[in-house]
Amino acid sequence: MVEDTPIAPVQIAWGDYSTLSTVLALADCLVQQWPGPTDGDAFLTALMVCDAVLAGSEDDVPEDARAAFVEAAHEAGLSLMGDDDGPDF
């Protein structure tokens, strides 16, 4: 596993906003704390991309993991702060 890499922070809302600023934090959120469904395509893609980045894949970069995480949040109907193009509640 390569050293964890920083990303542009993602702020996701469940209760209070949580700020995730590394690929490892994204992966941890997906595996340990995900408040939405875990059977969607975007969720599974986010897991795979985070794993690939952390494993040092040359095909996936940290911003790919961030983008996949954002898509998974949108798929689950979760609210993001900032660059959220997801559902409006």
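The model is predicted: local features need pLDDT of at least 70, side-chain atom pairs count only at pLDDT 80 or more, and totals for chains, interfaces and linings use all residues. Residues are numbered from 1 along each chain as its sequence is written, and side-chain values use heavy atoms, with hydrogens and water left out.

**Exercise 1. The chain as a whole**

Determine which secondary structure elements the chain contains and in what order they run.

Solution. Begin with the assignment: helices (H or I, at least four residues) and strands (E, at least two) are DSSP runs, numbered from the N terminus. By this rule, the chain has 3 helices and 3 strands. Next, read the order from the N terminus, which is β-β-α-α-α-β. Then consider burial, where buried means under 20% relative accessible area, exposed over 50%, and partly exposed in between (1.4 Å probe, protein chains only). Of the 89 residues in the chain, 36% are buried. Finally, turn to contacts, defined as heavy atoms within 4.5 Å. Among contacts between residues at least 6 apart in sequence, 49% join residues at least 24 apart.

**Exercise 2. Helices H2 and H3**

State at what angle H2 and H3 pack and which residues meet.

Solution. Two packed helices are described by the angle between their axes and the distance between the axes. The axes are lines fitted to C-alpha atoms, for helices over the stretch in contact, and angles run from 0 to 180 degrees between N-to-C directions. For H2 (residues 41–54) and H3 (residues 62–75), the angle is about 160° and the axes are 8 Å apart. Angles under 35 degrees count as roughly parallel, over 145 as roughly antiparallel, 65 to 115 as roughly perpendicular and the rest as oblique. H2 and H3 are therefore roughly antiparallel to each other.

The next step is to list the partners. Asp41, Ala42, Phe43, Ala46, Val49, Cys50 and Val53 in H2 meet Pro62, Asp64, Ala65, Ala68, Phe69, Glu71, Ala72 and Glu75 in H3. By class, the residues of this contact of H2 with H3 comprise 11 nonpolar, no polar and 4 charged. In this classification, Ala, Val, Leu, Ile, Met, Phe, Trp, Tyr, Cys and Pro count as nonpolar, Asp, Glu, Lys and Arg as charged, and the others, Gly among them, as polar.

**Exercise 3. Helix H1 and its two partners**

Describe how H1 packs with H3 and with H2.

Solution. The axes of H1 (residues 23–33) and H3 come within 10 Å and cross at roughly 30°. That makes H1 roughly parallel to H3. In this contact, Val23, Leu26, Cys29 and Leu30 in H1 meet Pro62, Ala65, Arg66 and Phe69 in H3. The residues divide into 7 nonpolar, no polar and 1 charged.

Now take H2. H1 and H2 pack at an angle of about 140°, with their axes 10 Å apart. Val23, Leu24, Leu26, Ala27, Leu30 and Val31 in H1 meet Phe43, Ala46, Leu47, Cys50, Val53 and Leu54 in H2. This contact of H1 with H2 has 12 nonpolar, no polar and no charged residues.

**Exercise 4. A strand residue and a loop residue**

Classify the accessibility of Pro6 and of Gly56.

Solution. Pro6 is found in strand E1 (residues 6–14). With a relative accessible area of 61%, Pro6 is exposed. Beyond residues up to four places away in sequence, Pro6 touches Ser21, Thr22 and Pro62.

Gly56 is in the loop between H2 and H3. At 38% relative accessibility, Gly56 counts as partly exposed. Gly56 and Asp4 are 52 residues apart in sequence and 9.8 Å apart in space, C-alpha to C-alpha.
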